[in-house]
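Please look through the model shown here. How do its labels follow from the numbers?

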Amino acid sequence: MNKNITLNKRDGTTEEMTQETFSRWACLVEGIQAVDQKLVESNISDKDIKWVKPLAFEKYIQERFHSMLRDVEVEHELGNI
């Protein structure tokens with residue numbers, strides 16, 4: 001099976017990336033969603049950027065990458081990605 005993931009963009013073009021690259025992006029999105037949820041729960045304005053901690057996101061991606069990669073591999077094999 002092809003190890004690359006092809007994404008169809010809204011403008012009609014496609015973007016191809018490896019499962020590893022896709023997994024890293026998925027980790028970043030997941031991390032941002034977790035922070036967003038916490039900000040909403042804490043009633044912190046989205047204009048306040050004091051929470052931005054790039055190193056924390058980098059650490060999260062490093063720690064989550066291997067399990068996310070396995071999730072992506074399985075979902076890709078099932079045809080869900």
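The questions below concern a predicted model.

Q: What makes the contact of E15 with K9 a salt bridge?
A: The closest N and O atoms of E15 and K9 are 3.9 Å apart. The cut-off is within 4 Å. The pair therefore counts as a salt bridge.

Q: Why is E15 called partly exposed?
A: E15 has a relative accessible area of 36%. Buried needs under 20% and exposed over 50%. E15 falls in between, so it is partly exposed. K9, at 41%, is also labelled partly exposed.

Q: How do you know that E30 and R64 form a salt bridge?
A: Their N to O distance is 2.7 Å. That is within 4 Å, so the pair qualifies.

Q: What does the pair of E30 and R64 tie together?
A: E30 lies in helix 1, residues 19-41, and R64 in helix 2, residues 54-78. The pair therefore ties together parts that are 34 residues apart in sequence.

Q: Why does E30 count as partly exposed?
A: E30 has 25% relative accessibility. The buried label needs under 20%, and the exposed label needs over 50%.

Q: What makes E73 and R70 a salt bridge, and where do they lie?
A: The side chains meet at 3.4 Å, N to O. The limit is 4 Å, so the pair counts. Both residues lie in helix 2, 3 residues apart, about one turn of the helix.

Q: Is E73 buried or exposed, and why?
A: E73 has a relative accessible area of 18%. The value is under 20%, so E73 is buried.

Q: Which residues do salt bridges with shared partners join into one network?
A: The network joins E30, R64 and D71. The structure holds 5 salt bridges.

Q: What pattern does the protein chain follow along the sequence?
A: The pattern is β-β-α-α. The chain has 2 helices and 2 strands.

Q: How do you know that the protein chain is more spread out than a compact globule?
A: The radius of gyration is 15 Å. The globule rule gives 12 Å for 81 residues. The chain's value is well over that, so it is more spread out than a compact globule. The C-alpha trace spans about 45 × 30 × 20 Å along its principal axes.

Q: How many of the 81 residues are buried, as a percentage?
A: Buried residues make up 22% of the protein chain.

Definitions and conventions. Residues are numbered from 1 along each chain as its sequence is written. This is a predicted model: local features need pLDDT of at least 70, side-chain atom pairs count only at pLDDT 80 or more; totals for chains, interfaces and linings use all residues. Side-chain values use heavy atoms; hydrogens and water are left out. Buried means under 20% relative accessible area, exposed over 50%, partly exposed in between (1.4 Å probe, protein chains only). Helices (H or I, at least four residues) and strands (E, at least two) are DSSP runs, numbered from the N terminus. The radius of gyration is taken over C-alpha atoms; the globule rule is 2.2 Å times the number of residues to the power 0.38.
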